[in-house]
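Here are my notes for your first read-through, as a few numbered points. Keep the model open beside you and find each piece as we go.

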Amino acid sequence: MISPSRLRTAQPRRQFQDRLATAIIVVGAVAVLAAILAIGIFLLWHSLPVLAMPLPSITQKLTVLAWGTLKAALFTLLFAIPVALCAAVYTALYLPPRMRHRIKPALEMMEAVPGVVVGFIAGVILAPWVEQHLASALALLVWPPASALLAGLVWQALAPRRLPFNQAWLWLIPWLLAMGWLALWAAPLFEHYLLGVDLRYVLETRLGVDYATRNAMIVGIAMGFAVVPGIYALADDALSDVPASLMEGAQALGADRWQTLWRVALPAAGPGIFSAVLIGAGRAVGETMIVLMASSNAALISASPFEGMRTIAAAVAIELPEAAPMSTTYHLLIFAALVLFLFTFLVNTLAEVVRLRLRSRLLRLGGGV
Amino acid sequence: MNRHATPPRLIARLAAGSIALAIAFAIAFVSLFASTFFTTPVVANTAENTTVRGTLGAVGSDTMAGLMLRWGEALAQRHPDVTLQFQAGGSANAASALIAGTARLGPMSRPMTTAEKQRFTHRYGYPPLELKVARDALVVVVHRHNPLRALTRRQLDAIFSTTRRCGAEQPILRWKDLATTQDWPFGRITLHGRNLASGTHALFERRALCGGEFRRDISVHPGSAAVVAAVGESPGAMGYAGYHHLSAAVRSLSLYNAAGKAVAPSRAAIQHGDYPLSRSLYLYVNAPPDAALPPAEQALLRLIFSPRGQQIAQAAGFVALPESRRQQQDRW
Amino acid sequence: MNRKAAWHGLWPWLCAASVALSLLLLGLLLTLLLTRGLGHFWPAPLEAVTLTSGETFAGEVIREAELPDRSGQERLYFIGNRDNSAQDSHGTRFRWVSLDTILKREAPAQLVRLSRSPWGDFIGQLEAFEHSGQRLEDNAAWQALSQALAQPKNARPNARLTLRPLNGEAFIQPLAEVYRASRPNAMSWLSKVRYWADGVGRFLSQGPRAANTGGGVWPAIFGTVVMVIVMSVIVMPFGVLAAIYLNEIAQQHRFTRLVRIGVRNLAGVPSIVYGVFGLGAFVYGIGATVDEWFFSASLPSPTFGTGGLLWASLTLSLLTLPVVIVATEEGLARIPDAQREGAVALGATRLETLTRVVLPMAAPAMLTALILAVARAAGEVAPLMLVGVAKLAPQVPVDATFPYLHLERKFMHLGYHLFDTAFHGDSVQAAIPLVYATALLLVLIVLVLNLTAIFLRHYLRRKRATT
């Protein structure tokens, strides 16, 4: 260690070094803050000229984009929320912690897959296939989940020891694969015998539903894939933060596991789950590449899952590099980006506040575990 | 932990910190400056056998992206020190980049509008140098199994536009509205097209829609290849794209010309302009009239108008200039 | 009640299924990329097809699809030979053939496949190899050709090949335009594996060819790496400083908490917004000014007033700043206060506490932060489209001329390369195998980085838990 005499002689220098270091840290932090503020200020400043534009043209352009953005987010959440929350319930409440710690990173890997790869698969591979095989695709959406229930029934009847429920996530994979294959095999037969023609033909000629190759359903699935892990991770955290004592109490009072979940765990973790969904919504609203590649980018206002949309993020990505700086389009697009920024920032802040509140509440409930 | 900082101390810290930061920025700036000062392309003199070097910056048409890249590759083979940096984004982008000065070469799949030329002239005092470098055409494509073979201009307009300026009375929305496709494919004609900034979009609007407006439910793709791929995957689709993007998955339609004759987009028909939607591809150069072009640019132009350059255009899927036109421009 | 209980027993199965489904989707995605991405380099067998019309052609089977009226199947062949055309139709590189029009399929061993420029692949027969007046035919020609191609490019003889497509006239092909040849039908397993490895090697080490529909992705890998390094150099100091400030120096009052929440939320702001900021503030704002001050000589061609490596790195470092701050702060917060108090009690100043005690303990956390930031930046495409990525930039941003690192240059990026080849290229069909390979590479890079971060974090928590 340093000898006392050296310590004394080095004292002023040490003091100075310390101050300098602190100052650098403070300045670094201030620079970071300034940079963050600069983003907001820049966006605000450059979208000010929008105020001078005629209102109808702005609203007309922005309504389409806003509608498209919300539609994409909605269909994403429609797919992502059930999957993510259900997965969180399973890992948080039914799995031993060790196994949970293994599965969680695996699910988080889904989020790491770059959007451009997901978009490519969805837009170039998935969308044309779905268009040609709509009945099979719908069957794939419906049958595997139903088959999971079937698996449960079979399991209850046979009660095999080798396949415990807490490993169901593993051995359900081959089951789902088999069921998916079954759906692919059976759907065209059903289509043939029940309808006699292509399902799309029935949709378009008899029901008047138009079908676009790259549509909201494709976007929902693809973006759902990207959003699921985010929602899952936060919901899983919230659910596993629910003190065990609460649930044990409920079970002691005669509730089964499912009732405990509905009556105790979900209400206790409710705000956390809410914030997880909010975060997912924020991500879905801002995702660019997936929408750009998997939606038709048509400036449509329609609610049909089989029609495309144009979102703010995709419009900015396609049009901004080509807009002359300081032109009307440029300012309008920057304004759209500002809307996106504010929206996600607010949604995320709300989610964060809710999450922190919940956390402290649960800590109190659990007696400060 | 000690977390009390009295105000004077804070000020001292801030001052010290900002000095440190200023130094850091100064270093950064010097290195930035050095970095480009020493790399501004050193252009050797233009004598025949000396090496030509330099960087060519081009911004513009997606349609011509493949062509420009191939020309760039061939140029790099001939002059290893010349590199072509190309950024695709649409023809409108070429004009604005030329005017803003972010590029000196602007490949465009349509001629510059008078407004764009005026803005350029206003900024530089001279008009941009306009070169026709190859022939191309817009083709209307349908799925390879689609029975449709030919369209009149009115029908085309009625399918793609809301305004129907070419004179059609009814919009054509569904396949059953056309005589040859009564039975199949069914449903709506799903339309595929390009984004707003592309020259393909602008040209199609002007020539096929008689200057009218596109329908709003057209799927917008960021590239022509994506349009063709989308149409090739979907029996009920129709789209427009550059001729060289044609693939085996789609069929190009013949169009009726002014004489009432259906003309297929063949090479000869495009080269001589018989096919109604044929066009020239342009390269705009920011060339002051009183000064010679930089050698790297000269080398590129020499390549483009050489027989080999035109062969490369054919290989890229375009149509070569008529021989007389090529010789006329081969003067670099 | 009983019935209800049975239902209650069933619902959890849906939950288990959704975990299984997620894992399954991820697995399917990776399998798809692996098989398609790596399979592309495998020498596919060539077929000589005779149609009922009497026509013959040679090609590689790409895929099959159902006819739209569901009356049968059709098959897509890659037939190459773009120059073999009196024919005017353009899809000559590919051909869809309905299965019921096919009379005969054979796999003759002497079919060759040549990669050439500028006309792309040739599939057909090699008739002769002519060199300095000597004419070799058939097998001897093939031997001579493979020997010639085994030599480095500038040592190859100035020979001419006579090629004959199955459905056309023989023609002369200079050897200089050929860079690879194979006879897949005659190859043994071992040589196929070697050919495959060679293909993968070329993909990783060469630049793109034929307008990004062929060749490799080396410049894109290089550009991505350089961009990520420059970004890390910018983001790490600031991110770590900010984290230290938030956790060690700032008083923990309401404002600090607000800042912390703000920083966290920045991680959720869409990346495209950062791109917009980068374009408007860096490129059009600072870049244009820098040009006016320092590079007015080269105006109107911009130096920094257009997208480039520096602006892209800066934009991405803003984007990854919250990632770095959050991960570092998490590491700092895990260090027990007792450690700091111990150091202070021994008379250490704040700097000494930081450098000797806190930062060494937080080093793995900072490493995790770096890895997470890099993983995020490597996979991000949307903001780069606005601030400086190029379709093809033959000049890599690092070279041997001073100052070696050229911050103003445009660069290529794996993710954008993927998007570009899939949507902007000449032909989607021709580019798709390469897109798969690029996607696989990108996903592998990002996943490996993320796995490392997860492993580090896990290791860190375990270590903390035991001490």
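1. Let's settle one word before anything else: two residues are "in contact" if their C-beta atoms, placed from the backbone, lie within 7 Å. Keep in mind, too, that this is a predicted model.

2. With that in hand, look at where chain C meets chain A. On the chain C side, 70 residues are in contact with 81 residues of chain A. Which helix gives the largest share of the chain C side? That's helix α1 of chain C (residues 2-39), with 21 residues.

3. Next, the largest nonpolar core, which has 320 residues. The members that touch the most other members are A:Ala84, A:Ile231, A:Ala235, A:Ile290, A:Val316 and A:Ala337. Helix α3 of chain A (residues 55-94) supplies the largest share of this core, 19 residues.

4. Pick out A:Ile231 and check its surroundings. Leaving aside residues up to four places away in sequence, A:Ile231 touches A:Ala80, A:Ile81, A:Ala84, A:Ala276, A:Val277, A:Ile279 and A:Gly280. Apart from the core of point 3 there is another one, of 24 residues, including C:Ala48, C:Ile79, C:Phe122 and C:Ala159.

5. Stay in chain C for a moment and find helix α11, residues 414-423. Is this helix mostly covered or mostly open? Mostly covered: 10 of its 10 residues are buried. Among them are C:Tyr416, C:His417, C:Phe419 and C:Asp420.

6. Now over to chain B, which has 11 helices and 12 strands. Of the 332 residues in chain B, 51% are buried. Count the chain B contacts with a separation of 6 or more, and 70% of them join residues 24 or more positions apart.

7. The crossing is left-handed.

8. Who makes that contact? From α3(B) it's B:Ala95, B:Leu98 and B:Ile99, and from α4(B) it's B:Glu116, B:Arg119, B:Phe120 and B:Arg123. Sorted by type, the residues of this contact come out as 4 nonpolar, no polar and 3 charged.

Definitions and conventions:
Residues numbered from 1 in each chain as written. Chains lettered and ligands numbered in written order. Predicted model: local features only at pLDDT ≥ 70, side-chain atom pairs only at ≥ 80, totals over all residues. Buried ≥ 20, exposed ≤ 12 C-beta atoms within 10 Å, placed from the backbone. Helix = DSSP H or I, 4+ residues; strand = E, 2+ residues; numbered from the N terminus. Left-handed = near helix turned anticlockwise from the far one by under 90°. Nonpolar A, V, L, I, M, F, W, Y, C, P; charged D, E, K, R; others polar. Core = buried A, V, L, I, M, F, W, Y, C linked by C-beta atoms within 7 Å.
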